[in-house]
Amino acid sequence: MRTILPVVLFINDCLLISHEGTDSLFKDDFNWPFEGSAKLGILSLHWDSRFSENQVKRTYIGHSEGIRAIKMSNTGSHFLSTGFDRYLRYWDVETGQAAGTYSNRKMAYDVKFYLRDNNLFIAGCNDNKIYQWDIRTEQICQEYNHLQPCNTVTFFDDGRKFVSTSDDKKILVWEFDIPVPIKYIADPAMHCIPSVSVHPSHAFFAGQSMDNKIVVYSCGDKVRQITKKTFVGHNNSGYACKIDFSPNGKYVVSGDGLGQVYFWDWKTTKCYRKFHAHDNGPCMAAVWHPLFPSRVATCGWDGLIKIWD
């Protein structure tokens with residue numbers, strides 16, 4: 001279980017660094033930030049996380065079209081990427097070479113390593129299915145079904161279970177390696193949830209609902225919505241803006257469709273601060289630095305990654 005450090009949060013809108021050339025941003029505690037390239041994403045880039053330098057440390061070449069998602073392994077030695085070329089690639093971080101390539105000719109929207117075994121991963125795809133791959137055999141070893149394209153897959157309960165969201169406006173809860181959902185969460189008032197993040201306490205997950213809300217669910221013994229913990233104020237309808245949490249779990253951050261960044265208090269759900277971060281489109285992701293709690297990275301359709309203090 002991850003230790004939650006006591007930290008003090010200080011946020012202002014001071015821009016420290018602006019990186020150019022991408023509109024995708026993927027946070028990982030091993031190396032922050034870790035990005036997928038934009039400009040139709042032919043490359044996957046690794047930026048130096050030291051704030052005094054503005055240099056690309058390594059370039060990973062292999063995808064022929066835009067990169068949709070990146071996920072680091074539990075050891076930090078490898079990562080997976082999925083692109084609009086309908087391939088999943090398994091990369092060696094140190095050498096920069098692709099150690100494996102996987103494809104069933106389906107577009108994977110999200111990919112996650114199994115928390116208990118780095119040789120297994122799952123990918124939510126556009127053909128209404130979630131595929132479970134074995135890296136050793138390069139074969140699909142399990143399938144899980146939705147009614148419409150699957151947007152996100154998120155592990156919880158130490159990897160024993162995961163939740164998936166889809167265009168069918170449902171949330172399904174699964175036990176790993178069992179292709180029958182143990183719980184359906186569906187309601188006529190629910191909207192599509194294209195982005196999900198787990199709280200640092202691992203007791204909750206938050207989803208970016210397409211009715212301009214962030215909704216929260218418990219993910220302990222029972223998965224249920226915490227109706228009193230809903231975050232509003234931003235305009236995210238139509239955009240899969242990534243949600244993140246401060247290292248101590250006391251604050252929530254998200255971009256929106258107007259290029260703004262919003263910070264909320266986790267306990268009271270009140271908006272703590274907002275400011276304009278990106279021009280010419282939405283702010284697609286805002287991620288907290290795992291070690292410097294007052295620093296946040298954002299990216300947008302203007303092709304910039306900005307680090308704020």
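**Strands and sheets**

Modeller: Strand E11 (residues 129-134) and E12 are antiparallel, joined by six bridges. Strands here are DSSP runs of E with at least two residues, numbered from the N terminus. Two strands pair if DSSP finds at least two bridges between them. This is a predicted model: local features need pLDDT of at least 70, side-chain atom pairs count only at pLDDT 80 or more, and totals for chains, interfaces and linings use all residues. Residues are numbered from 1 along each chain as its sequence is written, and side-chain values use heavy atoms, leaving out hydrogens and water.

Biologist: Which residue is the bridge partner of Lys 129 in E12?

Modeller: Asn 145.

Biologist: What order do the strands have in that open sheet?

Modeller: E9-E10-E11-E12, four strands with antiparallel pairing. Strand E9 (108-114) and strand E12 (139-145) are at the edges. Each has a single partner strand, so one side of each lacks a neighbour in the sheet. From one strand to the next, the twist averages 20°. Angles run from 0 to 180 degrees between N-to-C directions, with axes fitted as lines to C-alpha atoms.

Biologist: New topic. How many residues are in the hairpin between E19 and E20?

Modeller: Three residues link them. Strand E19 (residues 213-219) and strand E20 (residues 223-232) run antiparallel, with six bridges. Ile 214 sits opposite Phe 231 in E20.
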